[in-house]
Amino acid sequence: KPTLFVLANECSNDLKISIIKNNNNYQLIPPYQHRRNAAEKAIRTCKNHLISGLATSDPTFPIHEWDRLLNQCEITLNLLRSIIVQPKLSAYAYLFGEFDFNVTPLAPPGTRVIAHIKPAVRGTWAPHGEHAWYIGPSMEHYRCVNC
């Protein structure tokens with residue numbers, strides 16, 4: 001049974017020829033109809049998710065560091081999104097296995113924190129922490145975050 005590929009309006013001729021050679025069909029999405037294109041809709045959802053994270057971050061969070069929030073944005077978006085083949089399963093669980101919030105805590109992106117400074121690194125009378133911003137979980141370390 002031939003597969004139907006839905007392609008963007010600006011698709012290359014080589015791709016169209018390849019689809020036809022493999023006994024498949026294609027249809028083009030009309031120009032300026034982004035809501036019909038699943039990839040465009042996914043991109044818009046991701047952008048909106050990132051923007052909402054930035055909007056709720058601490059007002060003193062350096063906005064030029066926005067790209068550091070992408071890892072958590074991807075994790076949380078995949079935790080919220082279900083997968084077509086198993087609708088009761090999140091995309092994150094399908095790709096990486098179950099997410100354990102007890103092992104890997106999550107917080108709102110851009111939250112102002114005080115990061116602990118190890119005694120061997122700081123001076124005797126120095127503060128035990130410094131101001132920082134939470135940017136996402138540390139996936140390799142138990143109950144640790146990246147700041």
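## Packing, rings and surface in a predicted model

Apart from neighbours within four places in sequence, threonine 104 is in contact (heavy atoms within 4.5 Å) with Phe99, Pro137, Ser138 and Met139. Threonine 104 sits in the loop between α4 and β3 (112-116); helices here (H or I, at least four residues) and strands (E, at least two) are DSSP runs, numbered from the N terminus. With a relative accessibility of 8%, threonine 104 counts as buried, where buried means under 20% relative accessible area, exposed over 50%, and partly exposed in between (1.4 Å probe, protein chains only).

A word on the ground rules: this is a predicted model, with local features needing pLDDT of at least 70 and side-chain atom pairs counting only at pLDDT 80 or more, while totals for chains, interfaces and linings use all residues. Residues are numbered from 1 along each chain as its sequence is written, and side-chain values use heavy atoms, leaving out hydrogens and water.

Which residues make up the largest nonpolar core? It consists of five residues: Leu50, Phe61, Leu69, Cys73 and Ile135. A nonpolar core is a set of buried Ala, Val, Leu, Ile, Met, Phe, Trp, Tyr and Cys residues joined through side-chain atoms within 4.5 Å. Leucine 50, again leaving aside neighbours within four places in sequence, is in contact with Trp66, Leu69, Leu70 and Cys73. Cys73 also belongs to helix α3 (residues 70-80), where Gln72, Ile75, Thr76, Leu77 and Asn78 are buried along with Cys73. The buried residues of α3 pack against α2 (38-55), α4 (91-96) and β5 (136-137).

Next come the aromatic rings. Rings of Phe, Tyr and Trp (its six-membered ring) pair if their centres lie within 6.5 Å; planes under 30 degrees apart count as stacked, over 60 as edge-to-face and the rest as tilted. By this rule there are four aromatic pairs, and two of them are set out here.

| Pair | Centre to centre | Angle between planes | Type |
|---|---|---|---|
| Phenylalanine 61 and tryptophan 133 | 6.2 Å | 80 degrees | edge-to-face |
| Phenylalanine 99 and phenylalanine 101 | 4.7 Å | 65 degrees | edge-to-face |

Phenylalanine 61 lies in the loop between α2 and α3 and tryptophan 133 in strand β4 (residues 129-133), so this pair ties together parts that are 72 residues apart in sequence. Phenylalanine 61 is buried, at 8% relative accessible area, whereas tryptophan 133 is partly exposed at 22%. In the other pair, phenylalanine 99 is buried at 9% relative accessibility and phenylalanine 101 is partly exposed at 47%. Ring pairs also link Phe99 and Phe101 with Tyr92 and Phe96 into a cluster.

Together with Val85, Tyr94 and Leu95, Phe96 makes a nonpolar surface patch of about 460 Å². Patches are made of residues with over 30% relative accessible area and no salt bridge, with like charges joined within 9 Å and nonpolar side chains (Val, Leu, Ile, Met, Phe, Trp, Tyr) within 5 Å. Valine 85 lies in the loop between α3 and α4 and is exposed, with a relative accessible area of 60%.

How many salt bridges does the structure hold? There is one, a salt bridge being a side-chain nitrogen of Lys or Arg within 4 Å of a carboxyl oxygen of Asp or Glu. Arginine 68 forms it with glutamate 65, and the closest N and O atoms are 2.4 Å apart. Arginine 68 is partly exposed at 47% relative accessible area, and glutamate 65 is partly exposed at 22%.

Key
Accessible areas come from the Shrake-Rupley method with a 1.4 Å probe; for residues, only the protein chains shown count as cover.
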